[in-house]
Amino acid sequence: MNRTFTRPPATRPPARPSVLTACRCCRSSNLMLVLPMGAHPPANMFVRPEDRARPQPAFALNAQACLDCGLLQVADQVPPDFFTNYLYVPSGAATMHSHFAELAQVAVARAGSGEGAGLIVDIGCNDGLMLSHANAQGGRTLGIDPAANLAVIAAERGVRVDTAFFNPETAARVRAAEGPARVITTTNTFNHIDDLHGFCTGVLALLEEDGTFIIEVPWGKTILETNEFDNVYHEHLSELSLLSIVRLGEAVGLDVVDVTRLPVHGGSMRVFLQPAALQADPAPVVAQMLEEERAAGLLRRESYEAFAGRVQDLGEVLTRILKGLKASGKSIAGYGAPAKGNTLLNYFGIGPETLDFLADRNPLKQGLYSPGMMIPVLGPEAVAERQPDYLLVLAWNFFDEIREQMAEFEARGGKFIVPLPSPRIIP
């Protein structure tokens, strides 16, 4: 497909191949290139003011689909130490507090509470939000995360964190020190992992024989149907279908036994797996959702071709809206500086000539510049201080919450531009 959007050039060649030859989950070679999005810096590699003039690393972002299991994936090109100082935290969104409190309840119900409780391990525990809720409910917990800066925040919440990347060696060390885990959770971390087979081997090594592994990720079916191309970035190596998790589990000795549909992040799924040796019967919803994926065309080439066409159209409409507003003298800022927003900004070439600033509640991002497009990130108070006419909602998956936070902005006549699933102006 011919592209019409501008993109920042790569400042150095990628260290590793920019396309995959085998599916990360099922190992199939039946892959198709869906969206070649050009060179992007890592989406959470925000830039300090003193580094603005320095070239940024940028890597090809090529979204590929596996036509045998429906996995949407990109090649792993993120620098190995990237996650050791991470800027995303879930606690900036009120929605995630209630969400993780509910997940903690699910985990504690399976692991038990109080004296004799089984161990709950959260891989990619981030700032410890979920485990802090589990602790409050009487759970026995441990987080595993490579981000030392976030481990400090987690510790302030009373959450123990093993600061490390998770792999079979980490699993063996943790099991020797803590005993086996009754429940292992990973929320929006599984899609960051390149070696999913090795990761799951570690999970099996750490898990009790009849324990439960719980994965939360955006659902690939929803991503395809609602044009969520912005979920694809270098840290999000995989956008998972349920079938891709089933096939992965079959290869490593884990069975999918249940699934819960979730509204967060534009539509997600909570997948429950147990060791295959248990021969547990899956809940009926598993077969139901697998059939929904097949019916939605996750294994058909034409489905991804249509998706790519819709993304192209979306970008043309959005950039036309923004250019029209600027031409009429309107001021525009972005609300939210999420990683997905940086995929959208870089792919469509939307920079500081269009957006005066990005407002974000995460203090770790404030005072920095967005990767690639170099838009300044300020606190939410900048909206009231600078009074833009429009807010482009980059964190569109939290729009209801953002609209409540920006009630004064809307009351004085400000309007929102929501880019997905198709651009629209509200009100």
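Mentor: Before placing any residue, note that helices and strands here are DSSP runs, numbered from the N terminus, where a helix has at least four residues and a strand at least two. Keep in mind as well that this is a predicted model.

Trainee: With that numbering, where is proline 421 placed, and what kind of peptide bond joins leucine 420 to proline 421?

Mentor: Proline 421 sits in the loop between strand 16 (415-418) and strand 17 (424-426). The bond that joins leucine 420 and proline 421 is a cis peptide bond, with omega at about 5°. A cis peptide bond also joins isoleucine 426 and proline 427, where omega is about 0°, and proline 427 is found in the segment after strand 17.

Trainee: Now to pairs of helices: at what angle do helix 4 and helix 5 pack?

Mentor: The general idea is to read the angle between the axes, and angles under 35 degrees count as roughly parallel. Helix 4 (residues 168-178) packs against helix 5 (residues 196-206) at about 15°, and their axes are 8 Å apart; helix 4 and helix 5 are therefore roughly parallel to each other. Their crossing is right-handed. On the helix 4 side the contact involves Pro168, Ala171, Val174 and Arg175, which meet Gly198, Thr201, Gly202, Ala205 and Leu206 of helix 5. By class, the residues of this contact are five nonpolar, three polar and one charged.

Trainee: Helix 5 also has helix 7 as a partner, so to speak; how do the axes of helix 5 and helix 7 cross?

Mentor: The axes of helix 5 and helix 7 (residues 242-252) come within 10 Å and cross at roughly 60°, and the two helices are therefore oblique to each other. This crossing, too, is right-handed. Leu196, His197, Cys200 and Leu204 of helix 5 make the contact with Leu248, Ala251 and Val252 of helix 7, and these residues divide into six nonpolar, one polar and no charged.

Trainee: And what angle is found between helix 9 and helix 10?

Mentor: Helix 9 (residues 301-327) and helix 10 (residues 339-348) pack at an angle of about 80°, with their axes 11 Å apart, and that makes helix 9 roughly perpendicular to helix 10. Val311, Leu314, Gly315, Leu318 and Thr319 of helix 9 touch Leu344, Tyr347 and Phe348 of helix 10. Sorted by class, the contact has six nonpolar, two polar and no charged residues.

Trainee: Which residues line the largest cavity, and which helix gives the largest share of the lining?

Mentor: The lining consists of Gly70, Leu72, Gly220, Ile223, Leu224, Glu239, Leu298 and Tyr304. Helix 6 (residues 220-225) provides the largest share of that lining, with three residues. By class, the lining of the largest cavity has five nonpolar residues, two polar and one charged.

Conventions:
Residues are numbered from 1 along each chain as its sequence is written. This is a predicted model: local features need pLDDT of at least 70, side-chain atom pairs count only at pLDDT 80 or more; totals for chains, interfaces and linings use all residues. Side-chain values use heavy atoms; hydrogens and water are left out. On a 1 Å grid over the protein atoms alone, a cavity is a set of points where a 1.4 Å probe fits but cannot get out, and a pocket is an open set with protein on both sides within 12 Å along at least five of seven lines; lining residues have an atom within 4 Å of a point. Ala, Val, Leu, Ile, Met, Phe, Trp, Tyr, Cys and Pro count as nonpolar, Asp, Glu, Lys and Arg as charged, and the others, Gly among them, as polar. Axes are lines fitted to C-alpha atoms, for helices over the stretch in contact, and angles run from 0 to 180 degrees between N-to-C directions. Angles under 35 degrees count as roughly parallel, over 145 as roughly antiparallel, 65 to 115 as roughly perpendicular and the rest as oblique. A crossing is left-handed if the near helix is turned anticlockwise from the far one by less than a right angle, and right-handed if clockwise. Contact means heavy atoms within 4.5 Å.
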